[in-house]
Amino acid sequence: MKGALHAAGVAAQGVTDGVTNAFARLPEAAQGAVPGSLTDPGIAKQQGIDDGQLVANGKATDADLQRITTRLAAAGITTADVEAINAGKQVELTEAQWNYLHAFYNTADLDGLTSMTDRLTTAGDTTAASTVVNQLNTLANPNVRSAGPDPLFGSNFHPQGGLTQLPTDLRNTLTKGYEVHQGRPYANLGAQDLLQVTQLMAQADGGSAPGSDINKALLVQAAEIAPQLDPSSPNVAIGVDYRLGSAEGLLQSMIAVGGEDRIAVHDILTGTNLHSDISKEQILDAFTQHHWPDDGAQVKQMLSWIGTDATSADVHIATRAGEAATTLAKYVGANGSDLLHLDGGRSPSLGEINPEIVKGIGSALSPYIPELVGVPDEYLETRGFDAPDDAESTQLDAPGRPAAQNIFAVIDTNVEAAREFNAQALLTAQQLNTLWLESVLADPTNPETDLATRSGTLFGLVDKGLDIEIAAQKDTEIGKAINGFVDKGSAYDSFKTAIGTGVKYIPVAKDIFGPMIDASNSYAKANIVGYSYDVPSTPDKPFDTSHDSTSARQLYQIAQALQGHDGTLAHDPRYDALFDSNGNLKSYEDAARSAGDQAGLHGKLQNILYSYQGGILREPLQDMAINVNNGRTAVTK
């Protein structure tokens, strides 16, 4: 019997080799437009089966592997296809291309694919190994379909990429449940096969097939496993053989691999086609509440594209970022108290347990700060974002934006994230004031007063967020400053430093009234902090702020904006002392000294601004002060 089976195997291999050699001798036109590709669907399917059997049986020579890799590359999607998918489009493979990919991967199976990529990598051909995994992602991508008919449903339907197109063993690995089992010497997850898949997929080129169901499934599995790994019991192994590594390490690898896929990340954050009963809220619970050994660095990296894509000129890319940011904002806004005490009770905050995640959230939400205070879409460069506060809570006579307050407070739990986010918020407030001024100059009788109100709301959120976070610090009894801030004064000093030296300014509002006033003016940027909060006097800052005047700082801000708009600020020679030798306004502190004190500066600036162009700013400036105050007190009262 064994002899007969051996003879049959030899004969079958002979047929396979014959088909392969015959294919190689075909003229290029019969193979397809690209050398190595196929045009006949039937031949393509059989070639895929034959190649898959060579890989599955471990009998492929090095030359066979190179030929197979060439065919895979020719059958898969192109760089232009990837760009089309990123732009929200579906791409189509020829029936022959699809048939080859489907037949090859479903014949080769997981073990065969692992062996093939291992051999290619050992031989130093990591490009070929990546090609094998890249086209597996193509087959798993719902944004890719075949031009040919579906074999089950007929010519009116076309096979579409996804988990259902994958080999059974691979699909089962990605969809089955994993639980921690007690064992000796360590408990284990029983996830050897999941490790195998993760290591295989790690060889793909980042962004090779955005939206792959494999990447999405890895992220979902990570979210389902994370709650099972107790931070007090870190020695859970991947499998019975502890040498495979820790389940914690596997978890981070899964996020690292799946998190490179922006569409997959979008889908898990928005709950789009998850192939699981887990909700988007449960996914965020798992990722934020787990105690990550890397402080949440992989989760931060997973979120890093949102802020980058927020202002993309491509509508689909920008909208995708906005939709992902919406889920983040609503989650943080609804779970502020839980994130301020991550393990319940009086426990530490998210910023202390997972500081990198807080940085990732701050970076992702920074472009959407105007939306958090209700700035209308017509002024914005972002798309797809829905503010977490409902319409009722945004009214000035209602409690002011509680979800946004929580967002600011949670981000304040990490000093670096707070410095960047609040500095961006203050710069955004400055930009809104600038837009308001531009609207006054464009039509003095009908200025956009709501923009001044929204800038005031931002001042209120910065202040209120610190109040909430500092109160949470006291609850933890960990000391004065979990996140590095001793009090609000030191926090605002930190924001001032960030604005002056380090924060990346993101212009988020459209330039709809004419050329945008320069928002990089260092004096104006420094003053915006004092405008929002009366910073206490410190030994290295001899300027007395004990009687700081918000109204004087407000007028100074407008004066700086007008100077940027006109090049110089017209004024009576009586006020020359407020200007330097180049005719530019001095810093706020120096101008106040020249005026005698801040009250004197207020009077002089008011005279300058009220006389501007025959007095067109008198009434608007009076209204602005009221609107800014209304916006602020709606949050802080």
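This is a predicted model: local features need pLDDT of at least 70, side-chain atom pairs count only at pLDDT 80 or more; totals for chains, interfaces and linings use all residues.
I placed both in helix H26 (residues 588–594), 3 residues apart, about one turn of the helix. Arg-593 is also partly exposed, at 45%.

Next I looked up Arg-67. Arg-67 bridges to Asp-64, and the closest N and O atoms are 2.4 Å apart. The two are 3 residues apart in helix H4 (residues 62–75), so about one helical turn separates them. I noted Arg-67 as partly exposed, at 31%. Asp-64 is buried, at 9%.

Then I turned to Lys-300. Which side chain meets that of Lys-300 in a salt bridge? I found Glu-356, at 3.4 Å from N to O. This pair links distant parts of the chain, 56 residues apart: Lys-300 is in helix H14 (residues 297–309) and Glu-356 in helix H18 (residues 355–365). Lys-300 is partly exposed at 30%, whereas Glu-356 is buried at 17%. I noted 16 salt bridges in the structure.

I moved on to the largest nonpolar core. Of its 159 residues, Phe-104, Phe-287, Ile-306 and Leu-578 touch the most other members. Helix H6 (residues 95–122) gives the largest share, 11 residues. Beyond its sequence neighbours within four places, Ile-306 contacts residues including Leu-269, Ala-321 and Tyr-368.

Last, I checked Thr-198 in helix H9 (residues 192–201). Is Thr-198 buried or exposed? Thr-198 is buried, at 2% relative accessibility. Leaving aside neighbours within four places, its contacts include Leu-218, Ser-253 and Val-257.

Conventions: Residues are numbered from 1 along each chain as its sequence is written. Side-chain values use heavy atoms; hydrogens and water are left out. A nonpolar core is a set of buried Ala, Val, Leu, Ile, Met, Phe, Trp, Tyr and Cys residues joined through side-chain atoms within 4.5 Å. Buried means under 20% relative accessible area, exposed over 50%, partly exposed in between (1.4 Å probe, protein chains only). Helices (H or I, at least four residues) and strands (E, at least two) are DSSP runs, numbered from the N terminus. Contact means heavy atoms within 4.5 Å. A salt bridge is a side-chain nitrogen of Lys or Arg within 4 Å of a carboxyl oxygen of Asp or Glu.
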